[in-house]
Amino acid sequence: MSARPHTTGYRGDRLWLAAMVHRVSGVLLAAFLPLHFLVLGLALEGEAQLDGFLHWTKSPLVKFAETGLVLLLAIHLLGGIRLLVIENMPWREGQKRMATLAAAAAVGIAGIFLIALL
Amino acid sequence: MSGAAETMIDVRVWRGAGEGEYQAFTVPRRDSQTVLDVVTWIQRHADPTLAYRFACRVGVCGSCAMTVNGRPRWTCRTHVSKVIEDGRLEIGPLANLPVIRDLAADMAPFFDKWQKAEGTFVPSRTRHEPLERISPESAERQAADAAIECINCGVCYAACDTVRWSPDYFGPAALNRSWSLVNDVRDAGNLERLAAAASNGGCHNCHSHQSCEQLCPKGLNPTASIAGLKRRTMQAYIRGEIT
Ligand code: SF4
Ligand code: SF4
Ligand code: FES
C-alpha cells in the first residue's frame, strides 16, 4: 500500500535537472564560503600560517578539490546567466539545448583549469 | 478480434482520497486509444464506482487532467502510445490539489488562486459606450493572445515544484492569466493586478523551472508570462505605482 499517488515523474527532465544542478551548486558554494574566509583569516595571523597552508594546497588532492570548486562556480555563473536571459530577453526556443550547452561549457572550463593546474 | 489475440495494458489506478492505494486492472489495447478511453473502459466494464472527471473529450473543457506515469496530462488527448512504459500505465489524480476520490482532484484551490491573482477582466467601458477597436497586430494584443488559450486544466499547476513547496504560490496558470490581462488594453484593473502579482503568492516565487511550459497541453508558456510579470511589477514598483 502506498500512501500517496506518484506525481513527480517530471523530475529528472532536462530543464528540471538544470534548475536543480544550479541550486545545488549554490548551496555547495555557500557551504564552502566559511572555509574560504578561514583561509583569508590565516593571513591575519601571520605569514607563516598562510604560507604553511598555501604549501599544503599544492597537493594533488587539493588541486582536484579546487577543480571541483571552479566547476561549481562555472555552473552557478552560467546557470545564472541562463536565468537572466530567460527572464529578461525575448523568449527563444531550444531551452533544453541552452541548458546542455551551459553544462558542457562549465565542464569545459573546469577541465581547462585542471589541465592548467597540472 | 478474438480475446486471446488481444494485447492488454497493465493499468494501475489510484483509489481513495488523501490516503489510498493503486488498484490493478487489465484493459484491452485499442488503436488510437486515449488515456481517458482506458479510464472510461475501467469504469464501464470493471468497476462502476471509479470516480473521475471529464466533459468534452476533445481538449476544450480542461476537466480531464490526471497524473499519467508520473506526469500530469490532459487524458482525453493523450494517446496511450505516447505515454505507455513497458506495457504499463499508472493513473492517479492531479498533484498539488486535495483529492476528492480516486482520480478526481478538488480544483477549488486552483480557481481560488486565479481570483487572488486578479485573473478576472475589469471592463474600462460600459455596455452603453461604443466597442473599442483593437488591432490584432498590435504588440499588446499579440502578447495577450499568446497567453489566452488556457483551458484551466491544472496540468501546469500539478507540474510546478514551487506550488508544491510554497502552498500560497498562485501558480503558473493564474499568473499566465494575469499576464494576458495585463496586456489587454481594454482592461482597467492593472494596478490591483500588478499589486497581486507582486504580493507574497505572486510571480517572484517562480524559479523558472519551466516544467509548466514543458507540460502545458496547449503549448502555452507560463514561464515567459511570469517573467513578463516580474519585469512589469518591477517597473511599476520603481515608478511608485505599487508598493
Ligand atoms: S516556471 Fe515557475 S511557474 Fe512554471 S513550473 Fe517553474 S516555478 Fe512553476
Ligand atoms: S496554462 Fe496550460 S497547463 Fe496550465 S491550466 Fe492553462 S492550459 Fe492547462
Ligand atoms: S475532457 Fe475536456 S479537455 Fe479533456
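The model is predicted, so local features need pLDDT of at least 70 and side-chain atom pairs count only at pLDDT 80 or more, while totals for chains, interfaces and linings use all residues. Residues are numbered from 1 along each chain as its sequence is written, chains are lettered from A and ligands numbered from 1 in the order in which they are written, and side-chain values use heavy atoms, with hydrogens and water left out. Helices (H or I, at least four residues) and strands (E, at least two) are DSSP runs, numbered from the N terminus.

**Contact between chain B and chain A**

- Chain B brings 35 residues to the contact and chain A brings 25 residues, where contact means heavy atoms within 4.5 Å.
- About 2,400 Å² is buried between chain B and chain A, and carbon and sulfur atoms give 49% of this area. Buried area is the accessible area (1.4 Å probe) that two parts lose on being put together, summed over both.
- B:Arg71, B:His209 and B:Gln210 account for 18% of the area that chain B buries against chain A, more than any other three residues.
- The rule finds three salt bridges across the interface of chain B and chain A; a salt bridge is a side-chain nitrogen of Lys or Arg within 4 Å of a carboxyl oxygen of Asp or Glu.
- A:Glu87 and B:Lys230 meet through their side chains in a salt bridge, at 2.7 Å from N to O.
- There are 14 residue pairs in polar contact across the interface of chain B and chain A, with both residues at pLDDT 80 or more. A polar contact is a pair of N or O atoms within 3.5 Å; within protein, one must be able to donate a hydrogen and the other to accept it, and residues adjacent in sequence count only if both atoms are side-chain atoms.
- On the side of chain B that touches chain A, α10(B) gives the most, with five residues.
- By class, that side of chain B has 13 nonpolar, twelve polar and ten charged residues. Ala, Val, Leu, Ile, Met, Phe, Trp, Tyr, Cys and Pro count as nonpolar, Asp, Glu, Lys and Arg as charged, and the others, Gly among them, as polar.

**Ligands**

- Ligand 1 is surrounded by 13 residues, the closest being B:Cys160, B:Thr162, B:Cys206, B:His209 and B:Cys212; a residue is near a molecule if one of its heavy atoms lies within 4 Å of it.
- Both α9 (211-215) and α10 (222-238) of chain B supply at least two residues each to the shell around ligand 1.
- The shell around ligand 1 has six nonpolar, seven polar and no charged residues.
- The residues around ligand 2 include B:Cys150, B:Cys153, B:Cys156 and B:Cys216.
- The shell around ligand 2 has eight nonpolar residues, two polar and one charged.

**Strands of chain B**

- β1(B) and β2(B) run antiparallel and are joined by nine bridges; two strands pair if DSSP finds at least two bridges between them.
- These two strands, β1(B) and β2(B), form a hairpin with three residues between them.
- B:Asp10 has B:Thr26 in β2(B) as its bridge partner, and B:Asp10 also stands opposite B:Arg88 in β5(B).
- Strand β5 (residues 88-92) of chain B pairs with β1(B) in the parallel sense over four bridges.
- Strand β3 (residues 65-68) of chain B pairs with β4(B) in the antiparallel sense, also over four bridges.
- In the hairpin of β3(B) and β4(B), B:Asn69 takes a positive phi near 45 degrees.

**Links within each chain**

- Over all chains, the count comes to 15 salt bridges.
- One of these joins B:Arg15 and B:Asp47, with the closest N and O atoms 2.8 Å apart.
- B:Arg15 lies in strand β1 of chain B and B:Asp47 in the loop between α1 (35-46) and β3 of chain B, so the pair ties together parts that are 32 residues apart in sequence.
- A:Val39, in helix α1 (residues 14-44) of chain A, touches A:Leu50 and A:Phe53, not counting residues up to four places away in sequence.
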